[in-house]
Amino acid sequence: MNVLSPTTQKHVEESLVEEGLITEESLESLKLKAKKDDKPLFGLLLEEGHITDEQLTKTLAHVSKVPYVNLNN
């Protein structure tokens, strides 16, 4: 189940590529793999180590226009 709207997911994907966190080619390949394996794309990106949870969280916050705050510090 996807909790993001298709538009938001597309913006997050575009941001990950724009920020240089993943290449367009890798993203397209992973989208096919996620669909084939019936897994969420972002979960697969994290599981395979393409991006970190921190990078995904920052990107989601940026796209959603929500301030990002790291509470670990």
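Predicted model: local features only at pLDDT ≥ 70, side-chain atom pairs only at ≥ 80, totals over all residues.

I started with the secondary structure: the chain comes to 4 helices and 0 strands. Reading along the sequence, I wrote the pattern down as α-α-α-α.

**Overall dimensions**

Next I looked up how the chain fills space. Along the principal axes, the C-alpha atoms take up a box of roughly 40 × 25 × 25 Å.

I then checked burial. Of the 73 residues in the chain, 25% are buried, and by that I mean under 20% relative accessible area. For contacts I took pairs at least 6 apart in sequence; 44% of these join residues at least 24 apart.

**H1 against H4**

I wanted one helix pair in detail. Two packed helices are described by the angle between their axes and by the distance between the axes, so I looked up both. Helix H1 covers residues 6-18 and helix H4 covers residues 53-64; they pack at an angle of about 120°. Their axes lie 9 Å apart. Roughly perpendicular stops at 115 degrees and roughly antiparallel needs over 145, so I call H1 and H4 oblique to each other. H1 passes H4 in a right-handed crossing.

Which residues make the contact? From H1 I listed Thr-8, His-11, Val-12, Ser-15 and Leu-16. From H4 I listed Leu-56, Thr-59, Leu-60, His-62 and Val-63. Sorted by class, the H1 contact with H4 has 5 nonpolar and 5 polar residues, and no charged ones.

**Positive phi**

Asp-38 is not a glycine, yet it has a positive phi of about 55°. I found Asp-38 in the loop between helix H2 (24-37) and helix H3 (41-47). Buried or exposed, I asked of Asp-38? Its relative accessible area is 71%, and the cut-off for exposed is over 50%, so Asp-38 counts as exposed.

Lys-65 went on the list too: a positive phi of about 60°, and again not a glycine. Where is Lys-65 placed? I found Lys-65 in the segment after H4. With a relative accessible area of 74%, Lys-65 is exposed.

Conventions:
Residues numbered from 1 in each chain as written. Heavy atoms only, no water. Axes fitted to C-alpha atoms, helices over the stretch in contact; angles between N-to-C directions. Helix = DSSP H or I, 4+ residues; strand = E, 2+ residues; numbered from the N terminus. Parallel < 35°, antiparallel > 145°, perpendicular 65-115°, else oblique. Left-handed = near helix turned anticlockwise from the far one by under 90°. Contact = heavy atoms within 4.5 Å. Nonpolar A, V, L, I, M, F, W, Y, C, P; charged D, E, K, R; others polar. Buried < 20%, exposed > 50% of the residue type's maximum accessible area, 1.4 Å probe, protein only.
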